[in-house]
Amino acid sequence: MNAIPSQKDFLLSVEGLTVSFDGFKAVNDLSFYIDENEIRVIIGPNGAGKTTVLDLICGRTKATSGSIKFRDSELTDLKEHQIVHKGVGRKFQNPSIYEELTVFENLELSFPRGRNVFGALAFRRDAEVRDRVDEIASLVFLQNQLHTPAAILSHGQKQWLEIGMLLIQDPTLLMLDEPVAGMSVGERLKTAELLNTIIKDRSVIVIEHDMKFVEDIAHRVTVMHQGKVLSEGSMAHVQNDPKVVEVYLGH
């Protein structure tokens, strides 16, 4: 069991988090803490509860018990859109982009001014919007594809576009579920470069199976097994933890 530190030091504090589905505890008394400007990678075998943790943080699934505090604000009672407005962004395993629109239009549509009906009605493609779209497109390696329909991007570029659609909303915590699945080696290296760049302004939680990618990005690694924390620390620490070797890395 992790020691419970002072919450004021943490961007995200998850304490005693449990969720039961028909009596099965998918997440079981889970506690962990995310620092400002940290990349935390959650690893573990299939069924360990990794994606469920992201579902709980973003409000897609409601906790049975426990606490999720984001900058000392409790998230467990909030709806998904309220959690987004607090500054939590979530990317799912499969890219959810508008394939018939261009890269520019996808990013423009995600610009925060258009989030509600009145914002969307008053939305104008002014210099601020164009500059922000250009900035984000450059950050996610798509500056030369601004007028390309999203449908004809490579799989990796689609993943980057969706990350860009989240970044343009300027979240303080970004959660990514297997962001490099299906990417080429070169695309994985560029994604690691991207994540190491964007944490100057935010923290990132990543669920990942690619251990080389985890080594390239992780400040700390949380290993989950059967809904609980099995081990936590640096990549070197968890790789050498006999419990981790037994249930995960040894397979």
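Thr172 lies in the loop between helix H6 and strand S7 (173-177); helices (H or I, at least four residues) and strands (E, at least two) are DSSP runs numbered from the N terminus. The model is predicted: local features need pLDDT of at least 70, side-chain atom pairs count only at pLDDT 80 or more, and totals for chains, interfaces and linings use all residues. Residues are numbered from 1 along each chain as its sequence is written, and side-chain values use heavy atoms, with hydrogens and water left out.

**Thr172**
- Thr172 is buried, with a relative accessible area of 17% (buried means under 20% relative accessible area, exposed over 50%, partly exposed in between; 1.4 Å probe, protein chains only).
- Leaving aside neighbours within four places in sequence, Thr172 is in contact with Leu11, Phe70, Arg71, Gly87, Arg202 and Ser203, where contact means heavy atoms within 4.5 Å.

**Packing of H3 and H6**
- Helix H3 (residues 103-110) packs against helix H6 (residues 155-167) at an angle of about 30°, and their axes are 8 Å apart; axes are lines fitted to C-alpha atoms, for helices over the stretch in contact, and angles run from 0 to 180 degrees between N-to-C directions.
- H3 and H6 are therefore roughly parallel to each other (under 35 degrees; over 145 is roughly antiparallel, 65 to 115 roughly perpendicular and the rest oblique).
- On the H3 side the contact is made by Val103, Asn106, Leu107 and Ser110, and on the H6 side by Leu161, Gly164 and Met165.

**Nonpolar cores**
- The largest nonpolar core has 49 residues, and Leu107, Leu161 and Val206 have the most contacts inside it; such a core is a set of buried Ala, Val, Leu, Ile, Met, Phe, Trp, Tyr and Cys residues joined through side-chain atoms within 4.5 Å.
- H6 gives the most to this core, with 6 residues.
- A second, separate core of 28 residues includes Val14, Phe32, Ile34 and Ala48.
- Not counting residues up to four places away in sequence, Val206 touches Ile39, Arg40, Val41, Ile42, Leu176, Pro179, Leu195, Phe213 and Ile217.

**Helix H1**
- In helix H1 (residues 50-58), 8 of the 9 residues are buried, so H1 is largely enclosed by the rest of the structure.
- Among the buried residues of H1 are Lys50, Asp55 and Cys58.
- Gly59 follows H1 and has a positive phi, near 90°.

**Val229**
- Val229 belongs to strand S10 (residues 228-233) and is partly exposed, with a relative accessible area of 25%.
- The C-alpha atoms of Val229 and Phe32 are separated by 8.2 Å, although the two are 197 residues apart along the chain.
- Leaving aside neighbours within four places in sequence, Val229 is in contact with Leu30, Ser31, Thr222 and Val223.
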